[in-house]
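Trainee: Could you take me through one part of this structure up close, strand by strand? I'd like to see how it's put together and what sits around it.

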Amino acid sequence: MSPVFPMLTVLSMFYYICLRRRARTATRGEMMTSRRAIESNSRALSVNVEVIQYAKEVLDFSSHYGSENSMSYTMWNLAGIPNVYPSSGDFTQTAVFRTYGTWWDQCPSAQLPFKRTPPNFYSHDYVELAYEEPVYPTAVHVLETYHPGAVIRILACSANPYSQNTPAEVRWEILWSEAPTKVNSPQARQFTPYIKQIDFPTNLIRLEINSSLQDYYTELDAVVLHGVKERPVLSLKTSMINMNDLDEDEDEEKNGCEMDSLNKQFNVAALREMTTNGYFDKLPYELIQLILSHLTIPDLCRLAQTCKLLHQHCCDPLQYIHLCLQPYWPKINDSSLEYLLSRCTLVQWLNLSWTGNRGAISVSGFSRFLKVCGSELMRLELACGHFLNETCLEVIADMCPNLQELNLSSCDKLPPQAFNHIAKVCGLKRLILYRTKVEQTALLSILNFCSELQHLSLGSCVMIEDYDLIASMMGAKCKKLRTLDLWRCKNITENGLAELASGCHLLEELDLGWCPTLQSSTGCFTSLARKLPNLQKLFLTANRSVCDTDIEELAANCTHLRQLDILGTRMVSPASLRKLLESCKDLSLLDVSFCSQIDNRVVLELNASFPNVCIKKSFTQ
C-alpha cells in the first residue's frame with residue numbers, strides 16, 4: 001500500500017476530531033463583525049430559516065445603576081431594539097450595573113470572600129432576557145456602547161418563560177464562557193463570541209458579568225439572539241477550525257455538570273468497599289482535614305466515594321463551616337440541600353445567592369435545611385433568592401439565633417410584611433436590603449431592636465415614605481453604624497441627615513448618590529463633613545448643588561477620605577479639588593464626570609500632580 005493512504009487516514013481522523021470539538025464546545029475569543037459562531041455552510045443541509053430576535057422582556061437581574069421608577073440606566077433598556085448603538089459614550093438609555101472596577105472591594109462595607117469558591121467562578125452580576133420564539137441558538141450579539149468587556153458568560157435555559165406548563169426539569173447550558181479580560185478601548189462594539197451548539201430550543205438567555213477590570217461603568221444597549229427553529233445538524237462542509245480549541249481545557253463543560261450528580265455522590269450507599277488505604281491513614285486526622293479543605297464542594301463529593309477513610313473526612317461537618325453554593329446555582333435544588341443536611345450541622349457561613357429560582361428550591365426544603373443547620377449560622381447570603389417568602393424569613397429569625405449578617409439584595413419578590421421578622425434577629429451586624437420592598441414600619445422595628453448594626457444597605461428601597469424618620473431612628477439607635485447605603489433614596493432632607501450625622505459618629509462610608517432632596521445651600525454637606533471625620537467613602541452622585549465650600553470642608557475635616565463621587569455638579573472648581581487632593585493623602589478614587597468646570601485638560605493636570613489618584617471623567621458623543 002502506498003504510504004500516502006495511512007497519512008490520509010490520520011488526517012481524516014484528525015479532521016473528524018476537529019469537527020467533534022467544534023460541535024461540542026465553544027471557541028474562546030470574539031468576532032466583532034465578521035463570521036457567525038457557526039457558518040451557514042456548517043448548519044443543517046435542509047432549509048432552516050434563521051430567526052433574528054431582540055429581547056422581548058427583561059425577566060431578572062442582580063443590580064442596576066438606575067432607579068426602580070424610571071428607565072434611565074436600568075436593565076429594562078435591554079428589551080427591544082438598540083437605543084444608542086453604534087454610538088459610544090455615557091447614555092441614560094442603556095443598561096448599567098451598579099458597580100465596576102475593584103473600588104467596591106476596597107471600601108469599609110466590603111465583605112470577606114467565601115472559602116472554597118471555585119477559582120473559575122468570576123460572575124458578579126447577571127441579567128436574564130426572554131425572547132418571543134424558542135430557537136436553537138446560532139449566534140448571540142451583545143451591543144456594548146461604553147467600556148465593553150464585562151460579559152464573561154452566556155447561558156441558555158430550557159424553560160420557556162411564556163409557557164403555561166411547568167417543566168419537570170430546568171436545564172441551563174453554557175453557550176460561551178471566558179475569564180475576565182481587559183478591553184483597552186471604551187468605544188462601542190458588537191460582541192459576538194463563538195457559542196456552543198445545544199440540544200434544546202431556548203428563548204431565555206442569561207448574561208453574567210464581571211466588571212472588575214473595567215475603568216468605568218459598562219453600558220449595554222441590546223442583546224440579539226440568532227437561531228433556527230429546527231435543530232441543526234453539522235454537515236461535512238465546515239468553516240475554518242480554530243486550532244486553539246484543541247489545546248483548551250474543558251473547564252466550562254466540567255463545571256456545568258459537576259453538580260449534576262451531587263445527590264448520587266453524597267449517597268452513602270454508593271461508597272465502595274476498599275481493602276487498603278495505603279499509607280494515607282497513617283497521617284494525622286487534622287492534616288488530612290487540612291489537605292481536603294482546599295477542595296471544592298463537588299470535589300469533596302467525588303472523593304467521598306473512594307474509600308471509607310476519605311468518606312469519613314469528606315462528610316465531617318468541619319469541612320462545611322463555610323459553604324458557598326452560589327457558583328453551582330443552576331444545579332442546586334431541594335435534593336441537594338437534603339443530602340448536604342447531615343454535613344452542615346456546624347455551618348457558619350452559607351451562600352445561597354442566585355439559587356433556587358423557578359421552583360428548584362421549595363419553601364419546605366429551605367425551611368428544613370435551616371431547622372437542622374441554622375443554629376451556628378452567622379452569615380447568610382440570599383441575594384436574588386426569588387423562592388423566599390414570609391415563611392422563610394420567619395424560619396431564619398427563629399432558627400438562626402447567632403446570625404450576624406443577612407443579605408437579601410434584589411429579593412424584590414419578598415412581600416413587605418415578611419421583613420417584620422428580621423427585627424427578631426437582634427444580633428445583626430450587617431443587613432443588605434438593596435432593591436427590596438421593605439416598608440417603613442418594618443424598618444423602624446428592625447432599627448429599634450437591632451442596635452448592633454454596623455453595615456446597612458437601603459439602596460433603591462422605594463417603599464419607604466419618610467427617610468428623615470428612618471435617619472432619625474438610626475441616629476438614636478444605631479450608634480455602631482459604620483457604613484450606610486442610601487442610594488436613590490428620594491426624600492431624605494437636611495433634617496434627617498443632621499440627625500444621622502449627630503448620632504452615628506463612627507460612619508466611615510456613606511452613599512447619598514441620586515438623593516435629589518439634599519441641597520448644599522442648607523449647609524447639610526458642610527455639617528456632615530464636620531461631624532463625620534472618619535469618612536473614607538462619600539458618594540454625592542448627581543447632586544448638582546455640591547459646591548466649593550463643601551469640598552473645602554471635606555478637605556479640612558475628612559482627611560482619611562479614600563473615595564469621593566461628585567458626578568454631575570456644576571459648582572466645583574479645579575482650585576477646590578486641588579485643595580482636597582493635597583489634604584486627603586489616601587484619596588484613591590475621585591469621580592468628576594459631567595462636572596461642568598472640570599474639563600479634560602483639568603483632569604490631565606490633576607492626574608499629573610496626583611498620580612496615585614484615579615480621577616474618573618466619562619464622556620458622551
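Mentor: Let's start with cysteine 614, which comes out as partly exposed at 25% relative accessibility (buried is under 20%, exposed is over 50%, partly exposed is in between, with a 1.4 Å probe and protein chains only). Keep in mind that this is a predicted model, where local features need pLDDT of at least 70, side-chain atom pairs count only at pLDDT 80 or more, and totals for chains, interfaces and linings use all residues. Numbering runs from 1 along each chain as its sequence is written, and side-chain values use heavy atoms, with hydrogens and water left out.

Now the sheet: 12 strands make an open, parallel arrangement in the order β10-β11-β12-β13-β14-β15-β16-β17-β18-β19-β20-β21. β10 (322-324) and β21 (614-616) are the edge strands with a single partner each, so one side of each has no neighbour in the sheet. From one strand to the next, the twist averages 5° (axes are lines fitted to C-alpha atoms, for helices over the stretch in contact, with angles from 0 to 180 degrees between N-to-C directions). Strands are DSSP runs of E, at least two residues long, and helices are runs of H or I, at least four, numbered from the N terminus; two strands pair if DSSP finds at least two bridges between them.

Zoom in on β13 (405-407) and β14 (430-432): they pair in the parallel sense over 3 bridges, and asparagine 407 has isoleucine 432 in β14 as its bridge partner.
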